[in-house]
Amino acid sequence: MIGSGIKRGTAELAVLSVLQDGPLHGYELARRIEQQTNGALRFTLAALYPMLYRMEQQRWIRGTWETSANGRRRRCYRLTPAGKKKLAPLQREWAELFRALQQLTKVAHA
Amino acid sequence: MPDWRGLVRQRLSGPGLDAAERDEVHAELAAHLEESYEGFCKEGLPEREAVHRTFEQVGGWEDLRRKISAAKRRELPVKKRVQQLWIPGFLTLVLSMTFLAMLQELGFRPRIVWSGTSPIFFYVLWLASLPFFGAMGAYFSARAGASRASALLASIFPVPALTAAFLLMFPIGMIIERVTGNHVDFSFVATVLLKDGISCLLVPGAALFVGGVLADILFGRRPWSQDAAIG
């Protein structure tokens with residue numbers, strides 16, 4: 001299980017990455033992230049929604065109310081052009097960080 | 001199945017969000033909980049267990065309420081502030097002052113309450129109209145999705161605006177008097193300001209506030225912005 005500090009940093013990346021595949025509402029977004037990370041990233045409502053609202057204010061994502069096939073109204077979030085722009089450097093930064101950590105642990109184990 | 005919407009509304013009650021945001025957030029969180037609960041039920045969990053697991057997903061109601069308030073407040077868009085406070089506030093100020101000017105133009109005389117060197121006078125008809133203007137300001141503010149505090153502030157908006165004007169007039173007037181060489185007794189000016197403050201700010205402010213409170217009681221609990229929020 002990943003610690004809460006690291007989770008906070010990766011949460012935005014996770015949301016933006018998952019929304020890259022298409023719009024999702026909050027529940028589905030949380031479920032998709034949990035599935036794709038094998039349960040390593042799991043969001044409570046208190047973690048997910050404040051983050052979504054902040055990202056919406058930063059205009060990285062946009063939420064709109066939509067009616068599903070079964071008549072339910074759900075707020076769907078989609079990636080904005082600004083969000084796409086934000087995602088690329090974020091992915092690079094985290095990839096660099098993980099590479100650096102891997103190097104470090106290899107050295108430590110050697 | 002629990003009433004998720006009612007539950008969210010009950011648990012997240014309190015200050016922090018304006019009416020439009022509150023309705024929207026409640027609807028969204030309730031939808032999440034509902035789907036989560038149904039997901040657990042589909043997995044074969046008994047109802048009690050499904051409800052328990054769904055609650056676990058909240059991560060603390062107080063924490064949720066606090067974080068959502070902080071996230072939403074972080075950057076109140078200027079447009080929203082204009083719609084919720086400045087436009088209704090200025091409307092209250094302009095209409096109430098226009099009505100006063102109109103009364104004066106029509107020859108209505110103020111009622112003098114305190115006679116002396118600097119009498120206190122009230123335009124009774126104007127004062128009687130102020131609850132209406134205050135209610136109107138609060139109504140438009142609430143309709144734009146403002147919180148109760150913002151709506152009440154919009155209703156009494158002429159008071160801080162006129163207070164600022166009064167406070168500016170005082171030193172400017174003193175400077176002018178000094179430049180022109182007139183000696184004005186400070187205690188006289190202070191008395192005039194106090195009496196004008198009562199007749200032009202305090203009592204009208206109270207009348208506007210009464211209107212704002214009435215509007216809040218009559219219309220404040222209605223979900224004005226429901227269509228805009230969920231539409």
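Mentor: Helix 2 of chain B, with 4 residues, gives the most to the lining of the second largest cavity; helices (H or I, at least four residues) and strands (E, at least two) are DSSP runs, numbered from the N terminus. The model is predicted, so local features need pLDDT of at least 70 and side-chain atom pairs count only at pLDDT 80 or more, while totals for chains, interfaces and linings use all residues. Residues are numbered from 1 along each chain as its sequence is written, chains are lettered from A and ligands numbered from 1 in the order in which they are written, and side-chain values use heavy atoms, leaving out hydrogens and water.

The structure holds 3 cavities of 30 Å³ or more. A cavity is a set of points, on a 1 Å grid over the protein atoms alone, where a 1.4 Å probe fits but cannot get out; lining residues have an atom within 4 Å of a point. Grid points are joined across faces, edges and corners, and a volume is the space filled by probe spheres set on the points. For the second largest cavity, the volume is about 60 Å³.

Two or more lining residues come from each of helix 2 (26–36) and strand 3 (73–79) of chain A and helix 2 (19–42) of chain B. Chain A residues in this lining include His25(A), Tyr49(A), Trp65(A) and Arg74(A), and chain B residues include Ala27(B) and Glu28(B). By class, the lining has 5 nonpolar, 3 polar and 4 charged residues; Ala, Val, Leu, Ile, Met, Phe, Trp, Tyr, Cys and Pro count as nonpolar, Asp, Glu, Lys and Arg as charged, and the others, Gly among them, as polar.

Tyr49(A) is also touched by Leu29(B), contact meaning heavy atoms within 4.5 Å.

Conventions
1 Å grid on protein atoms, 1.4 Å probe; cavity = no way out; pocket = protein on both sides within 12 Å on 5 of 7 lines; lining within 4 Å. Lists of a residue's contacts leave out its neighbours within four places in sequence.
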